[in-house]
Amino acid sequence: MNIPETLRYTDHDEWIRADDDGTVVIGITDFAQDALGDIVFVDLPAVGDTFAAGEALAEVESTKATAEIYTPVAGEVVEVNGELDGSEELVNSDPYGQGWMVRLRAADTSALAALKDAAAYRVKIQG
Amino acid sequence: MSRRTPLHDRHAAHGARFVDFAGFEMPVWYTGLVEEHLRVRSAVGLFDVSHMGELRVRGAGAAAALDRLVTNDISGLAVGQARYTLMCNHEGGVVDDLVIYRLADDDFLAVVNAANRDKDRAWAEAHLEGADLVDEGDLWCQLALQGPLAATVLAPLTDVALDGVGTYHHALGTVAGVPGCVVARTGYTGEDGFEIYGPSDAAEALWDAVVAAGAPHGLLPIGLGARDTLRLEVRYPLYGHELDDHTAPHQAKLMWTVKLDKPGGFVGAEAIRARRASGADDLRLCGFVIDGKRIAREGTPVVVDGAPVGRVTSGTRAPSLDRSVGLAYVPKALDVVGGSLTLDVRGTPVQATVVKGPFYRRDA
């Protein structure tokens with residue numbers, strides 16, 4: 001199971017990356033995509049939408065299940081991955097790269113420090 | 001604790017993701033649902049469906065006894081022929097849907113849903129008169145070899161002349177050196193294909209031989225996930241979803257399996273007649289397609305002016321069509337081909353269109 005060292009992880013199997021420009025990128029983990037199976041639809045928010053920490057901001061449908069994607073930090077959507085519309089399988093094949101979902105301008109990124117690092121997330125999914 | 005089929009180790013070796021289904025630990029997929037689904041449509045796939053139940057009915061009065069137990073015409077079957085039928089309760093609800101194979105004049109194999117095996121045996125013990133009933137579910141394994149190349153894969157492995165086995169017919173023979181197999185041209189995918197019933201202790205030998213013979217033809221092992229999407233694309237009902245103990249055959253549009261005029265009648269016939277005559281059952285099963293990619297899964301309400309009037313029984317993205325499709329029970333007034341339905345998908349109203357017949361056809 002691929003768990004990059006450079007990312008932070010939530011208890012709902014999202015990953016978060018803080019970029020230098022103050023934005024954060026959100027996607028789902030390798031573990032999550034593997035559990036969901038073939039992704040067939042990703043319902044993304046609109047640029048400009050704002051979300052509170054802990055709110056659902058996207059929805060992923062696989063052939064077998066639906067999963068909501070929660071943001072661990074409050075913020076405004078500045079970019080979404082439009083490539084996923086029609087190429088949903090990128091979430092399966094490259095969950096940390098081309099399968100990214102939403103970029104937020106976070107009001108406060110200090111909450112990220114409380115999220116799991118790769119080692120802690122590995123413990124969680126192997127638990 | 002979950003039960004396992006004799007092929008559990010083979011599934012694990014193929015990298016299966018397991019799920020609990022009807023008390024069995026079964027593969028839901030191996031490489032991925034969509035790839036497996038499309039492989040069955042384009043080439044060939046192999047399913048372990050050994051969790052299915054088998055009830056053996058024998059005796060001089062077996063055909064007549066089955067005629068009184070189930071809704072379809074059983075005594076009219078030729079030896080070597082099979083038929084899909086319902087078994088109903090006294091209220092006209094469906095105890096199970098099953099396939100009955102006539103192995104010999106006085107010898108029938110009824111293949112039932114795994115989840116209903118104990119219920120069916122109890123029901124048959126109470127209502128089958130004049131024939132011997134044995135639960136043989138643990139004696140048989142069942143492999144489904146499905147897809148346009150199924151006959152190509154199977155032919156070199158068996159002494160059964162497959163050209164002589166028509167749809168919904170079967171023959172007894174040897175497969176991969178295993179004698180005493182039933183080779184049936186039946187299935188649950190809408191493709192040509194076979195269901196092979198063999199002795200449980202030969203399951204691994206049968207599986208290994210078919211996997212090896214199929215490899216040059218692109219055969220993949222197929223999980224229950226694709227089994228569900230394949231059957232839904234051709235609109236076959238799944239017990240527990242489209243059928244249950246309360247819903248009557250006419251609501252599910254399965255009256256073609258119900259021979260109300262059979263001499264001697266059958267369990268549930270009067271109730272079905274009365275329910276049809278009264279018009280009290282307003283819900284009908286319809287197929288729908290959704291414009292867009294949202295999926296209306298089982299339990300999604302069908303709403304009119306925000307109020308629930310029906311419910312989705314099965315819904316998926318159909319891999320062969322790349323469309324979101326499903327089945328729903330709706331009031332008769334909404335069951336109009338071309339008409340629109342509003343589905344409440346987790347709070348979002350989604351428009352669907354009622355369509356007739358299977359979503360996918362083999363020859364399309």
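Because the model is predicted, local features need pLDDT of at least 70 and side-chain atom pairs count only at pLDDT 80 or more, while totals for chains, interfaces and linings use all residues. Residues are numbered from 1 along each chain as its sequence is written, and chains are lettered from A, with ligands numbered from 1, in the order in which they are written.

**Domains of chain B**

- Chain B splits into domain 1 (1-280) and domain 2 (282-364), with bounds that come from an automatic or database domain assignment.
- The C-alpha centres of these two domains of chain B sit 27 Å apart.
- Where they meet, 17 residues of domain 1 of chain B are in contact with 18 residues of domain 2 of chain B; "in contact" says that the C-beta atoms of two residues, placed from the backbone, lie within 7 Å.
- On the domain 1 side of that meeting place, H2(B) gives the largest share, four residues (helices are DSSP runs of H or I with at least four residues, strands are E runs of at least two, and both are numbered from the N terminus).

**Cores**

- The largest nonpolar core has 109 residues, and Leu66(B), Leu143(B), Leu145(B), Leu206(B) and Val210(B) touch the most other members.
- Both domains of chain B give residues to this core, so it lies between them.
- Apart from that core lies another, of 30 residues, including Ala32(A) and Met101(A).
- A nonpolar core is a set of buried Ala, Val, Leu, Ile, Met, Phe, Trp, Tyr and Cys residues joined through C-beta atoms within 7 Å. "Buried" asks for 20 or more other C-beta atoms within 10 Å of a residue's own, "exposed" for 12 or fewer, and "partly exposed" is in between, with C-beta atoms placed from the backbone.
- Beyond its neighbours within four places in sequence, Leu145(B) has contacts that include Val44(B), Leu46(B), Phe194(B) and Val210(B).

**Strands and sheets in chain B**

- Strand E7 (residues 107-112) of chain B has five of its six residues buried.
- E7(B) runs antiparallel to strand E4 (residues 53-58) of chain B, with six bridges between them; two strands pair if DSSP finds at least two bridges.
- One of the residue pairs here is Val57(B) with Phe108(B).
- Strand E6 (residues 94-104) of chain B also runs antiparallel to E7(B), through five bridges, and the two form a hairpin with two residues between them.
- Elsewhere, six strands make an open sheet of mixed pairing, in the order E10-E11-E12-E9-E3-E13 (chain B).
- Strands E10 (170-175) and E13 (220-221) of chain B stand at the edges with a single partner strand each, so one side of each has no neighbour in the sheet.

**Two loop residues with positive phi**

- Ala22(B) has phi near 55°, positive although the residue is not a glycine. Ala22(B) sits in the loop between strand E1 (17-21) and strand E2 (24-29) of chain B.
- Lys253(B), also not a glycine, has a positive phi of about 60°. Its loop runs between helix H7 (224-233) and helix H8 (269-278) of chain B.

**Where the chains meet**

- The contact takes eight residues from chain A and twelve residues from chain B.
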